[in-house]
Amino acid sequence: MRINPNKCVACGNCTYVCPMGAIYIDPVIKRATVNRDECVECYACFHGMSQEHLNPTMVRTMRRIFQFFRLRFDPEPDVCPTAAFEPEDLVWPRVVRRAFSDPRVPHESTGVEGRGTEEVKTNDVTGRVGEGEVGFTIEFGRPGVGVRFHEIQKMTMALAAAGIVFEKKNPVTTLLTDVATGEIRGDILDEKIMSAIVEIKVPVARTEEVIRMVWEVEKQVDTVVSLGIGARCDSSGEDNVVAPVLERLGYHPQRAKTNTGLGRVTNVAAEAPGRESVGARQ
Amino acid sequence: MTNTLHRYGDAESFRDDYVVFAICSRGKNEQGALPRLRRFLEMAVPFAPVNLGDARHGGALRPSRSMNPTAHWHRDQTPDFQAVIDGLDAPTTVAAVFDNRVAAEDFLKTVREADLGLSVNISTSIDGAEQCCFAAGILRHSVGYSLGFEGKTEKLPNTQVLSVMTMCGHGMIAGSLAKKMIDWVKEGRRTPEQAVCYLARFCSCGVFNPVRARRILEDARHRTR
């Protein structure tokens, strides 16, 4: 994303709406400027702000007058008065920032918007997590911190070393050069993104082991981690398998998303449900 | 739509937050899903949702690409549910947000009876979801628990800001904007209703809950963090 200096009037509205705090008023040129290294190309500024198309010279003159008389300028806070934001044509590897940051862009690997994952949301039609299995979503950078891929790689390598399989239909998995080692392709390791979800599944018996592994790796990564655990309910709609493990480890989950099981396969030639994972020791 | 899962707060704080969403799966049931997704949204309207949205175009309050300057004084803050329904143009995730359990329960019953064939999830407190499923005569198929935030949590903002900004799990609502709106409400520069509208326009899939956000902002006006 770039801000056209010929249009920008340095009102400062955009400095607050950037989730990464990557926009600032450059004191030399007196225009809003994007710190390209910190910008994750989420397009929150471009898509989220309303746009006016006022004359920049007129707005700057008005602002100077207000400033001279120490009058507080109090416009709507979610508006760019001169439509100064201009998306750029992103090329590899920078384009990967947008893929993992702008939720309106579907991930090519999965066709899903947002973070590109389905998890247990579609478990009723995919059978992704079966009885006796536990699905993990380990999300890095959320909320509002961001992450670079070399931090995520610490987790994928640790998981791969433990012989854990990665969900195949997951955007991060598609960036692994070797699922047996968990290495992520080298040309994107320094790219910063809003967040990414590593998806795995293990037998219930390994739940505690994986959680303890996540705890260890979390100490080494310079961002926040949002951990989610998905389980298939039994025939009476109850989960009596995972919840007790979480309780024992000191977790007291407050919130969950519940798949109601109303989905069904309706495509004419649908793929048969089955394991969709890749990893070291299948 | 993990973006509805990791909302900050305890179970009690989700008493006015019920997100019901429908999603299709590529290769399984996306063929002909568009009219069924639209039907899902249409069915939600009679139950007085506080937001509707789709993952490609956003929620019921959207930014303007060509705003008239007079809007600074007379800005339309009315959610436009019909625009969400009409704007749906491809299979994606669609969501309806309710501020009370009864509405969510009744909507879930209607969705079950409609038999859309889509995966339907409810995101709220664990007990709240169980009660909704029970009332709708549904046995839970799967459950995805949020275990909260870990790692370098010292990088996170205070709990009031966190409660507001995590209502867009995609991270489109900046912590700095949430803080600014809390401050503006404290200063009396904007009402909680106005502040919530600014925030809602940044949510790119329409799962932001303006009623819960208003309550948090009102609460933040009086309380320290």
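Reader: What pattern does chain B follow along the sequence?

Author: This is a predicted model. Chain B reads β-α-β-α-β-α-β-α-β-α-α-α-α. That comes to 8 helices and 5 strands.

Reader: How compact is chain B?

Author: Its radius of gyration is 17 Å, close to the 17 Å that the globule rule gives for 225 residues, so chain B is as compact as a globular protein of that length. The C-alpha trace of chain B spans about 50 × 40 × 30 Å along its principal axes.

Reader: And how many of its residues count as buried?

Author: In chain B, 59% of the 225 residues do. Take contacts in chain B between residues at least 6 apart in sequence: 77% of them join residues at least 24 apart.

Reader: New topic. How many residues does each chain bring to the contact between A and B?

Author: Chain A brings 84 residues and chain B brings 79 residues.

Reader: Which element of chain B gives the most to that side?

Author: β5(B) does, with 9 residues. By class, the side of chain B that touches chain A has 31 nonpolar, 32 polar and 16 charged residues.

Reader: What does β5(B) pair with?

Author: Strand β15 of chain A, residues 255-259. The two run in the antiparallel sense, over 4 bridges. One pair to look for: A:T258 has B:V143 as its bridge partner.

Reader: Let's look at a helix. How far does α6(B) reach?

Author: From first C-alpha to last, α6(B) reaches 18 Å, close to the 18 Å expected for its 13 residues at 1.5 Å a residue. Just after α6(B), B:G188 takes a positive phi of about 80°.

Reader: Which residues of α6(B) are buried?

Author: B:G175, B:S176, B:L177, B:A178, B:K180, B:M181, B:I182 and B:V185.

Reader: What covers them?

Author: The cover includes α5, α7 and α8 of chain B, together with α1 of chain A.

Reader: Last thing, chain A. Where are its domains?

Author: Domain 1 covers 2-88 and domain 2 covers 106-278. Their C-alpha centres lie 38 Å apart.

Reader: How many residues does each domain give to the contact between them?

Author: Domain 1 of chain A gives 5 residues, and domain 2 of chain A gives 5 residues. On the domain 1 side, 4 are nonpolar, 1 is charged and none is polar.

Definitions and conventions
Residues are numbered from 1 along each chain as its sequence is written. Chains are lettered from A and ligands numbered from 1 in the order in which they are written. This is a predicted model: local features need pLDDT of at least 70, side-chain atom pairs count only at pLDDT 80 or more; totals for chains, interfaces and linings use all residues. Two residues are in contact if their C-beta atoms, placed from the backbone, lie within 7 Å. Ala, Val, Leu, Ile, Met, Phe, Trp, Tyr, Cys and Pro count as nonpolar, Asp, Glu, Lys and Arg as charged, and the others, Gly among them, as polar. Two strands pair if DSSP finds at least two bridges between them. The expected span of a helix is 1.5 Å times one less than its number of residues. A residue is buried if 20 or more other C-beta atoms lie within 10 Å of its own, exposed if 12 or fewer, and partly exposed in between; C-beta atoms are placed from the backbone. Domain bounds come from an automatic or database domain assignment. The radius of gyration is taken over C-alpha atoms; the globule rule is 2.2 Å times the number of residues to the power 0.38.
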